[in-house]
Number of protein chains: 2
Amino acid sequence: MTEPASRTDAMRTGDVKHMKWWGWGVEGVGFHHEDKPGFAPFVHRAVGLDLWAGERTGRPDFSQLKVPASRAPEEFLSVLIGIVGPGNAVVDDLSRVVHTYGKSLRDLVRLRAGEIARTPDVVVYPADEAQVQSVVDAAVEADAVIIPFGGGSNIAGSLEPHPDESRVVVALDLGRLSRVLEIDTDSGLARIQAGALGPDLEAQLNNRGWTMGHFPDSFTHSSLGGWVATRSSGMQSDKYGDIADIVKGLRVVRAGGVLVIRAVPSASTGPSVREMVVGSEGRLGVITEATVQVHRLPESRGIYAYFFKDFDHGLAAMQEIAASDVSPSVTRISDAHETGFSLATSKASKGIAKKAQAGLMAYLKRRGWNLDEICLSFIGFEGDTAHAKRQKSVVDRIVRKHHGIGVGKGPGALYDQKKFDTPYIRDFLLDHGAAGDVSETAGPWSKLRGIHAAVYDAADSAYEEIGRKGWTMCHMSHSYHSGACLYFTFAFVFGDDPLGEYDTVKRAIQQAFVDAGGTISHHHGVGLEHAPWLEEDISAQGVAVMSGLFEAADPGGNFNPRKIVV
Amino acid sequence: MTEPASRTDAMRTGDVKHMKWWGWGVEGVGFHHEDKPGFAPFVHRAVGLDLWAGERTGRPDFSQLKVPASRAPEEFLSVLIGIVGPGNAVVDDLSRVVHTYGKSLRDLVRLRAGEIARTPDVVVYPADEAQVQSVVDAAVEADAVIIPFGGGSNIAGSLEPHPDESRVVVALDLGRLSRVLEIDTDSGLARIQAGALGPDLEAQLNNRGWTMGHFPDSFTHSSLGGWVATRSSGMQSDKYGDIADIVKGLRVVRAGGVLVIRAVPSASTGPSVREMVVGSEGRLGVITEATVQVHRLPESRGIYAYFFKDFDHGLAAMQEIAASDVSPSVTRISDAHETGFSLATSKASKGIAKKAQAGLMAYLKRRGWNLDEICLSFIGFEGDTAHAKRQKSVVDRIVRKHHGIGVGKGPGALYDQKKFDTPYIRDFLLDHGAAGDVSETAGPWSKLRGIHAAVYDAADSAYEEIGRKGWTMCHMSHSYHSGACLYFTFAFVFGDDPLGEYDTVKRAIQQAFVDAGGTISHHHGVGLEHAPWLEEDISAQGVAVMSGLFEAADPGGNFNPRKIVV
């Protein structure tokens, strides 16, 4: 059975929501630590930042920004306006600045410092695929550059125009293409427009009893097309798969026509063009639609918290769960540093909750555990009630075997509520002159401990090199049969050269990934940020094959040029 | 923990086993119907072939074959011999004929008719990856064509040199690279050389308690490299995944160096080069090694048989199982035609077994089932004993809901033993002047009934067109969340123009696949056989992207040219 779209018209350009031009999320929402008494002392201990003493920078003044003028010729603008209609092709400074960067730390530091070397020259908001095709054809005809834009949450430098790009740059905003077009209820497949943002997309599906199950950290401000273009992975990927597993069909507008991959469950039709588009970051064309796997909303869903004596015991349990017959929706364990951060930054608990936490810690201490080494883990279960219960009982047995203890659903529910808030903390630190950023990798189970140790060492050396007190923490998430993702957060207070210091630390961590057998990114993408390590990851011959693909598919270099491979 | 290789040396060229030059499998093994009293009457009813009246062709006489002479210049041969050593670069007629074709019906008809327009000019057997690199570099330097060869079981025309290829053609046989190099027991990953054939590979793994779980119909005579190069899928793919899911790391020898994909569980590093190599049929280089997921041998393993009233009820049950929380290792259901064939071709059962089958049929009849419409299904369960038991109980409930009945493990065990025998039946029919061939597709659950009907209609029209009495049958296998594979067998007695008649039927079926929303192949590959429909499957833009990849990656067209896209 096929259910048609709930909405029938394209969104109006004025209704397309963008994040703050200078930071994550929407105006008026931010991180506060007043209700988290442990936060300030923790930050002080970790990176030497005194949140009471320092001044918090306010919202930067847009009128002070020097925004390069649009270079779009009138004639080309008229062509675009002719396609999308007046009001849907704009050249104002704010629109162009909003479409200049993603939301990486590097992006925000540059924005706040007024460093805008190059913006798109025009932002277009097509209403449908036909308009995307006309825009693309007109842009290629004019030898302009096309950079597709979804939610703008990218942190790998996949969106910015190259500073010395001399051609006209078109930011192609997919925001108006936000509809769930139809649900094939027999097959668990939904056709969805690429510009749909996470919450809108899930709401349209949930209303009819379905979910895509894809919840990356960026969920609230990222789009389906962006997920596909960057090989995203959601926090429930253990059950639902990475976006590469979830997306079955694709429509991609290229110069002269639409590339169509039909939604078949599996095919033996040569090298996978579907898997070329996934991760292509705009270089093969503009993704306008994807047909994705959807699932009936589960009868039962719960995320449970566990504590382990140390990271080693926790990892061993996660590995055994991955090798077992059970399949939780989430397996995640924070290392000791991140556990300390989580415990310190939870809201001031009162009465019973506070006593319960104190009691738990006292109990763990009596067990002989070193509270500086304990690790907090979250494991999620979904499905029909009996299935979820059985899965949990098998997992509980494995946890006990590794001397872990379950502490119920409370912390898991909190995690579930707060899971999308992390970028706000990053911005809050930035307001106080401190870097807080993330870098993730994936590797086989046998190499995770080595990667973990290597990254800590590399970061420590880098902090020493820049002469700043630094902090590193990590969690393991996204389990697979043969390995998992390690997700690192690093922080330090900026000195005189913010981006130079940031580069030193970030580079050290990326180098440690590839040297220790991990990949340069598990789910953030390559963009400009990770491109320098691509060859060390997929080999010179691998890069040669990929470059060849881009050059052959886009001989004029019109589609988001110089991203992934320079 | 990493366990090293069990064997340390490359196999000797003399020990590399090949199939019969004129058919499937090894000399002395073939299909017999003397112990299957229902077979001959069934064949007579289905396609009008009288197995008692007709004469069976014997083994063709190799000395009667006109084998084109090798065109390899002495100088080039000396270079190759210098690399691999004397005896490992051969030009004899038998070796070159063995490496000319795969084992498709078209291949066997041509071989038996002495139609050999072009053979490889030399067959080389490198001992290791370094020798493969030297052979590849020498061949590219000499502007020769390189066609990698594994088990030679391909049925999509992926192996044959193009008839008007004027350059020297090198068949690069990977047979000596057959070792499991190491097992990463922490990660469930094994590094295996590409030339390893199914049984040898599984034996090396099983000896240490592991399995790859990949069992395509060709298992006994196909290689790991071939599976990767053609996007193979095994009959237990429901649990273990397709080869595209199983293979994590790759080593591919290209002109000038090795492309290395490290075995990480998942990565966000642009378009997937791994997924470009998978399915590339030799066009991107020579696969020498793959790191694959392996699993501990399951504690419990069983394949159970079920009967459904008709295909529609059976499909509905399979669909519900795929949407549920359980994950059997095998889900397979034959349509009424194939069920009739299976029942007719089982061995003469005696005593209790015979009575049991008769009793079962009487019981189904009393239930009001039309015995001409009943469908036989196999569902497999693996894992620890409790898990397998639970899975079965959930499946049994779903089966009952769709009015199916379980008939125990007996027929499943028989299926499990006989699952690799089908190609011998094909050759037996060919000996009697009849075509029996297969074509498979995959589609979403919502389209499977439509594809099934369309293929029957198309085949019937084609049989009418060629004026032959034809037979079509089908099973559904390889379940996924969003759909499954439909695997068709078609048969008829040849008239005056075997290949013309075969083409008419085969083309009609392939066209029905794409017209009804399926893919042109689920796991056989594209080669020359399916290339004409590629554009209708993945769109003109998809073919353009793929062609661009091949041209950029192999500008001289030295690597198995003109396969997949012409």
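Reader: Which residues of chain A does UniProt place under "binding site", and how do you know about them?

Author: They come from the record: in an unreviewed entry, UniProt gives that feature to A:Thr230, A:Arg231, A:Ser232, A:Ser233, A:Glu281, A:Gly282, A:Arg283, A:Leu284, A:Gly285, A:Val286 and A:Ile287. From this set, A:Ser233 is in the lining of the largest cavity. Bear in mind that the model itself is predicted.

Reader: What makes A:Ser233 a lining residue of the largest cavity?

Author: The cut-off is an atom within 4 Å of a cavity point. A:Ser233 is listed in that lining, so it has such an atom.

Reader: And where does A:Thr230 sit?

Author: In helix H7 of chain A, residues 224-230.

Reader: Which residues does the record list for the "FAD-binding PCMH-type" domain?

Author: UniProt, again in an unreviewed entry, lists residues 116-297 of chain A. In the model that span is 23% helix and 26% strand, and its end C-alpha atoms lie 44 Å apart.

Reader: Why is the pair A:Arg262 and B:Asp537 called a salt bridge?

Author: The rule wants a side-chain nitrogen of Lys or Arg within 4 Å of a carboxyl oxygen of Asp or Glu. Here an Arg and an Asp meet at 4.0 Å, N to O, so the pair is called a salt bridge. The count between chain A and chain B is one.

Reader: What else is there across the interface of chain A and chain B?

Author: There are 42 residue pairs in polar contact, both partners at pLDDT 80 or more. On the side of chain A that touches chain B, helix H19 (residues 534-553) gives the largest share, with 13 residues. That side divides into 32 nonpolar, 34 polar and 14 charged residues.

Reader: How many residues does each chain bring, and what area is buried?

Author: Chain A and chain B bring 80 residues each to the contact. About 6000 Å² is buried between them, with carbon and sulfur atoms giving 57% of that. Accessible area lost on coming together is often how the size of an interface is given.

Reader: What makes A:Arg59 and A:Glu27 a polar contact?

Author: The cut-off for the N or O atoms is 3.5 Å. The side chains of A:Arg59 and A:Glu27 come in at 2.9 Å, so the pair is within it.

Reader: Where is A:Arg59, and what is it in contact with?

Author: A:Arg59 is in the loop between helix H1 (39-47) and helix H2 (74-84) of chain A. Leaving aside neighbours within four places in sequence, A:Arg59 is in contact with A:Trp21, A:Trp22 and A:Glu27. The C-alpha atoms of A:Arg59 and A:Lys248 are separated by 42 Å.

Methods: Residues numbered from 1 in each chain as written. Chains lettered and ligands numbered in written order. Predicted model: local features only at pLDDT ≥ 70, side-chain atom pairs only at ≥ 80, totals over all residues. Heavy atoms only, no water. Contact = heavy atoms within 4.5 Å. Buried area = accessible area lost by both parts, 1.4 Å probe. Polar contact = N/O pair within 3.5 Å; in protein donor to acceptor, adjacent residues only side chain to side chain. Helix = DSSP H or I, 4+ residues; strand = E, 2+ residues; numbered from the N terminus. Nonpolar A, V, L, I, M, F, W, Y, C, P; charged D, E, K, R; others polar. UniProt positions renumbered as here; feature names shortened; annotations may be inferred. 1 Å grid on protein atoms, 1.4 Å probe; cavity = no way out; pocket = protein on both sides within 12 Å on 5 of 7 lines; lining within 4 Å.
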